[in-house]
Amino acid sequence: MWGVTPLLLSCYLTDQQPPLELIVSARAVLAGPGGTVFVFDENGPHVLPGGRREGAERVLDALAREIGEEVGCSIVGDPRPLGFIELRNEGPRPEGHPYPYPRAFHVVFTASAGPVTRPPVDPNVRDGRFVSRDEALAMDIPWAERIFLEAT
C-alpha cells in the first residue's frame, strides 16, 4: 500500500496529550470485572483495544466508538489518560499517505468496561476476553502495549 518506511516508536507515560491534529488513534487498557483486563488476538495477543479517529472526531468519542466495535461494551465513567505512543516516520512520505507525517500519535487511557451487550463487529479482533492482569502480562504482547499495562 505505502511501501516500507522506517518507523520509530516511543512511549510516554503522562497525563498530557500531544497536539490534537497529530492524534490519529485512541486506545485503552480496558479494565473488566474483578481486576481483569481485555485481551484480544490480531496476529498475536494485544491489550490496547481502540483505533483510528474518523475525521475531526473527538478523541474520547473515538475511544468509546472503538471499544463498542471491538469489545461490544460501553465505557463506564471517565477514562484516565495514561500517555501516548509517538510514531515517527524516518523516510520520505509515501505517496497517498493519509495521516500526519512524519509524526503521529496514539493516545492511551485506562478505562472501565460496562457489561458486554453485543458481539464485536471489528473483523480484525478475534478471541476477545477478560483475563487477570497477571495472565495478560505473561502473554507475548508488544513491548509498547506492555508499558501501558504495567503502568495500571
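Leaving aside neighbours within four places in sequence, Cys 11 touches Phe 84, Ile 85, Trp 143, Ala 144, Ile 147 and Phe 148, where contact means heavy atoms within 4.5 Å. Cys 11 sits in strand β1, which covers residues 7-13.

Before going on, a word on what you're looking at. This is a predicted model, in which local features need pLDDT of at least 70 and side-chain atom pairs count only at pLDDT 80 or more, while totals for chains, interfaces and linings use all residues. Residues are numbered from 1 along each chain as its sequence is written, and side-chain values use heavy atoms, with hydrogens and water left out.

Now zoom out. The chain has three helices and eight strands; these are DSSP runs, numbered from the N terminus, with helices being H or I of at least four residues and strands E of at least two. Read along the sequence, they come in the order β-β-β-β-β-α-β-β-β-α-α. The radius of gyration is 15 Å, close to the 15 Å that the globule rule gives for 152 residues, so the chain is as compact as a globular protein of that length. For the record, that radius is taken over C-alpha atoms, and the rule is 2.2 Å times the number of residues to the power 0.38. Along its principal axes, the C-alpha trace spans about 45 × 30 × 30 Å.

What about contacts over the whole chain? Among those with a separation of 6 or more, 73% are between residues 24 or more positions apart. Buried residues make up 46% of the 152, with buried meaning under 20% relative accessible area, exposed over 50%, and partly exposed in between (1.4 Å probe, protein chains only). The chain exposes about 8,100 Å², and carbon and sulfur atoms supply 54% of that; the areas come from the Shrake-Rupley method with a 1.4 Å probe, and for residues only the protein chains shown count as cover.

On to the charges. Side chains of opposite charge can pair when their charged atoms come close. The structure holds nine salt bridges, each one a side-chain nitrogen of Lys or Arg within 4 Å of a carboxyl oxygen of Asp or Glu. One of them joins Arg 126 and Asp 41, at 3.8 Å from N to O. That pair links distant parts of the chain, as Arg 126 is in strand β8 (residues 126-132) and Asp 41 in strand β3 (residues 36-41), 85 residues apart. Arg 126 is partly exposed at 38% relative accessible area, and Asp 41 is also partly exposed, at 28%.

Which residues are linked in a network of salt bridges? They are Glu 54, Glu 57, Arg 65, Glu 66 and Glu 69. Arg 65 pairs with Glu 66 at 3.0 Å, N to O, and with Glu 69, where the closest N and O atoms are 3.3 Å apart. Glu 69 and Arg 65 are separated by about one helical turn because they lie four residues apart in helix α1 (residues 59-70). As for cover, Glu 66 is buried at 7% and Arg 65 counts as buried at 18%, whereas Glu 69, at 24%, is partly exposed.
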